[in-house]
Amino acid sequence: GIRDLIEQRIKNMCTGFATAFDMNITVDYQRYYEPTVNDPAMTEVAMDAARAVVGPEAVIVPPPIMGAEDFGAMLAVKPGNYMWVGQATHDDPTSPHNQNLHHPRYDFNDAIIPIVTEYFVQIVERRLPM
């Protein structure tokens with residue numbers, strides 16, 4: 001599965017580094033997090049809901065990343081979708097709303113609360129139609 005593929009890629013990278021620097025290497029890979037892999041059907045529901053709220057031009061698919069996220073444990077049990085919601089302010093690049101979530105200057109942009117609320121309403125309406 002995906003976990004075995006990730007482990008093999010890590011071992012391949014480490015072997016390459018060891019070869020490049022003429023050294024030996026041992027990889028002790030321990031899985032503490034399940035990979036965060038979105039379910040395709042649930043992702044389409046999420047993307048459709050987002051497009052309905054902010055328009056198709058504002059919904060992008062970022063490239064995969066190797067970050068750790070405990071949401072993967074939930075996705076291992078129930079199909080779902082992990083989605084990022086932008087909150088940047090484009091008029092001020094130094095705004096605390098433009099900082100990374102773990103940056104000391106980060107500040108949640110309260111202006112996105114109605115947008116995100118509507119996004120979740122759209123998901124509920126698609127998954128639990130009346």
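This is a predicted model: local features need pLDDT of at least 70, side-chain atom pairs count only at pLDDT 80 or more; totals for chains, interfaces and linings use all residues.
**Entry 1: how two helices sit together**

I began with α2 and α4, and I noted that these helices are oblique to each other. Two packed helices are described by an axis-to-axis angle and by the distance between the axes. For α2, residues 40-54, packed against α4, I wrote down an angle of about 130 degrees and axes 9 Å apart.

Next I asked myself which residues in α2 and α4 meet. On the α2 side I listed Met 42, Val 45, Ala 46, Asp 48, Ala 49, Ala 50, Ala 52, Val 53 and Val 54. On the α4 side they meet Ile 115, Glu 118, Tyr 119, Gln 122, Ile 123, Arg 126 and Arg 127. By class, I have eleven nonpolar, one polar and four charged residues in this contact.

I picked Val 53, which has its place in helix α2. Setting aside neighbours within four places in sequence, I found Val 53 in contact with Ile 115, Glu 118, Tyr 119 and Gln 122. I also checked Val 53 against Gly 16: the two are 37 residues apart in sequence, and their C-alpha atoms are 46 Å apart in space.

**Entry 2: Asn 109, in a loop**

Then I moved to Asn 109, which I found in the loop between α3 (71-75) and α4 (113-127). Asn 109 has a relative accessible area of 10%, so I marked this residue as buried. What does Asn 109 touch, not counting residues up to four places away in sequence? My list reads Gln 87, Thr 89 and His 97.

**Entry 3: the chain as a whole**

I counted four helices and zero strands, and along the sequence the pattern reads α-α-α-α. The radius of gyration is 19 Å, well over the 14 Å that the globule rule gives for 130 residues, so the chain is more spread out than a compact globule. Along the principal axes, the C-alpha atoms fill a box of roughly 60 × 40 × 25 Å. I noted that 22% of the 130 residues count as buried. Among contacts between residues at least 6 apart in sequence, 59% join residues at least 24 apart.

Key:
Residues are numbered from 1 along each chain as its sequence is written. Side-chain values use heavy atoms; hydrogens and water are left out. Buried means under 20% relative accessible area, exposed over 50%, partly exposed in between (1.4 Å probe, protein chains only). Contact means heavy atoms within 4.5 Å. Axes are lines fitted to C-alpha atoms, for helices over the stretch in contact, and angles run from 0 to 180 degrees between N-to-C directions. Angles under 35 degrees count as roughly parallel, over 145 as roughly antiparallel, 65 to 115 as roughly perpendicular and the rest as oblique. Ala, Val, Leu, Ile, Met, Phe, Trp, Tyr, Cys and Pro count as nonpolar, Asp, Glu, Lys and Arg as charged, and the others, Gly among them, as polar. The radius of gyration is taken over C-alpha atoms; the globule rule is 2.2 Å times the number of residues to the power 0.38.
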